[in-house]
Amino acid sequence: MNDILRNSAPDQQKKRAWLFSIIIIVYATVFMLSGNSGDTDASLILGIDPVLILILQGILSTFMFVLSSLLFIRFALKIPLKEFFPPFKLEAFGLVILIAISFMVINSAIGEWNMNLQFPDSSFTEWAKQSEEQLKVLTEHLTNFTSPVHYVLAMVVIGIIPAIGEELLFRGLLQSLLTKAFNNHHAAIWISGFIFAAIHMQFFGVFPRMFLGVLFGYLFYWSGNLSLAMVAHLINNGLALTLLYLSNIGTIEISPEQMESSAPWPVIVVFGLICTLAIWVFYKKYRLNNG
């Protein structure tokens, strides 16, 4: 959305774009750091009911990402929210689902490569490894589904709320503001994608998340519709949760290690071709910009 600051004076728009971008980055970083100190004993996490953790996480994420973004749009930018969600054809919805699923297969190779990166020994590396291990313990605890209700709650908290809130914040706001600041949508998409990945504090998974953010960014830029980026985000999170749930109840056999490993290369090549073709069709049919 290139006219996101149209209610500001023309000579103030670039300055406000930089100011608002910095505010959003600091805000998101402080929020994520507060929940990723790396000092919490994993045994303490395991002693708390996962349903309770999900409820608290859902409430906090709703306030910190969804409501804060809506308030920013309403009072700081003073633009109608509906401008982020213009009508779209059902065909676009289908293409986004195909793109998201096929990209997950491709991204599995990037994820495995990222996890196996070797970093020099340092206090930062140790902190990153500790944070990664803590997050792994928390994720396994939250997704050790005990009932269908537990699965649905996880889908809402880990799937739906981040898809809405993070896309509002990082694509709808930050990407649009950086586009104005840099006067270059490619720079805005890649920088906001990197920030989206970095503030999650998973340094052994930063590259696959960054590429996801870039994918969501281009879907939003080409279509002008944030709901399509939200759908892709939800597919990425929701499909992983669904596979874990089906594994928990014995419908399929898949281990956490298999979930984190790369798909076979022939499969990656096939889905890479599918993803490339689907993105090309989407770009040709639904792009609102030429650039």
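User: Which residues form one aromatic cluster?

Analyst: In this predicted model, the residues Y218, W222, W280 and Y283 come together as one aromatic cluster. W222 and Y283 turn up again in a helix contact, where W222 is on the side of α8 and Y283 on the side of α11.

User: OK, then at what angle do α8 and α11 pack?

Analyst: Helix α8, which covers residues 206–223, packs against helix α11, residues 265–286, at an angle of about 25°, and their axes are 9 Å apart. Since angles under 35 degrees count as roughly parallel, α8 and α11 are therefore roughly parallel to each other. The crossing of these two helices, α8 and α11, is left-handed.

User: And which residues make the contact between them?

Analyst: From α8 the contact uses L215, L219, W222 and S223, and from α11 it uses I279, F282, Y283 and Y286. By class, the residues of this contact of α8 with α11 are seven nonpolar and one polar, with no charged residue.

User: How does α6 pack with α8, at what angle and how far apart are the axes?

Analyst: The angle between α6 and α8 is about 65°, and their axes are 11 Å apart. That makes α6 roughly perpendicular to α8, because the range from 65 to 115 degrees is the one that counts as roughly perpendicular. The crossing of α6 and α8 is right-handed.

User: Which residues of α6 and α8 meet there?

Analyst: On the α6 side they are E167, R171, G172, Q175 and S176, and these meet G213, F216, G217, F220 and Y221 in α8. The residues of the contact of α6 with α8 divide into three nonpolar, five polar and two charged.

User: Back to the rings for a moment: how many aromatic pairs are there in the whole structure?

Analyst: A search of the whole structure gives 13 aromatic pairs. One of them is formed by F145 and Y245, which are edge-to-face, with 5.7 Å centre to centre and 75° between the planes. F145 lies in the loop between α5 (123–142) and α6 (148–182), while Y245 lies in helix α9 (residues 226–248), so the pair ties together parts that are 100 residues apart in sequence.

User: Is F145 buried or exposed, and why?

Analyst: F145 has 9% relative accessibility and counts as buried, because buried means under 20% relative accessible area.

User: What about phi of N183?

Analyst: N183 has a phi near 55° as well, again a positive value in a residue other than glycine. N183 is placed in the loop between α6 and α7, and at 68% relative accessibility N183 counts as exposed.

User: I keep landing on N107. Where is it, and what is it in contact with?

Analyst: N107 is in helix α4, where a relative accessible area of 7% makes N107 buried. Leaving aside its neighbours within four places in sequence, N107 is in contact with P208, F211 and L212. N107 and A263 are 156 residues apart in sequence, yet their C-alpha atoms are 9.1 Å apart in space.

User: Last one: which residues does H141 touch?

Analyst: Not counting residues up to four places away in sequence, H141 touches I45, L46, I48, D49, P50 and I53. H141 sits in helix α5, and H141 is buried, with a relative accessible area of 13%.

Technical notes. Residues are numbered from 1 along each chain as its sequence is written. This is a predicted model: local features need pLDDT of at least 70, side-chain atom pairs count only at pLDDT 80 or more; totals for chains, interfaces and linings use all residues. Side-chain values use heavy atoms; hydrogens and water are left out. Axes are lines fitted to C-alpha atoms, for helices over the stretch in contact, and angles run from 0 to 180 degrees between N-to-C directions. Helices (H or I, at least four residues) and strands (E, at least two) are DSSP runs, numbered from the N terminus. Angles under 35 degrees count as roughly parallel, over 145 as roughly antiparallel, 65 to 115 as roughly perpendicular and the rest as oblique. A crossing is left-handed if the near helix is turned anticlockwise from the far one by less than a right angle, and right-handed if clockwise. Contact means heavy atoms within 4.5 Å. Ala, Val, Leu, Ile, Met, Phe, Trp, Tyr, Cys and Pro count as nonpolar, Asp, Glu, Lys and Arg as charged, and the others, Gly among them, as polar. Rings of Phe, Tyr and Trp (its six-membered ring) pair if their centres lie within 6.5 Å; planes under 30 degrees apart count as stacked, over 60 as edge-to-face and the rest as tilted. Buried means under 20% relative accessible area, exposed over 50%, partly exposed in between (1.4 Å probe, protein chains only).
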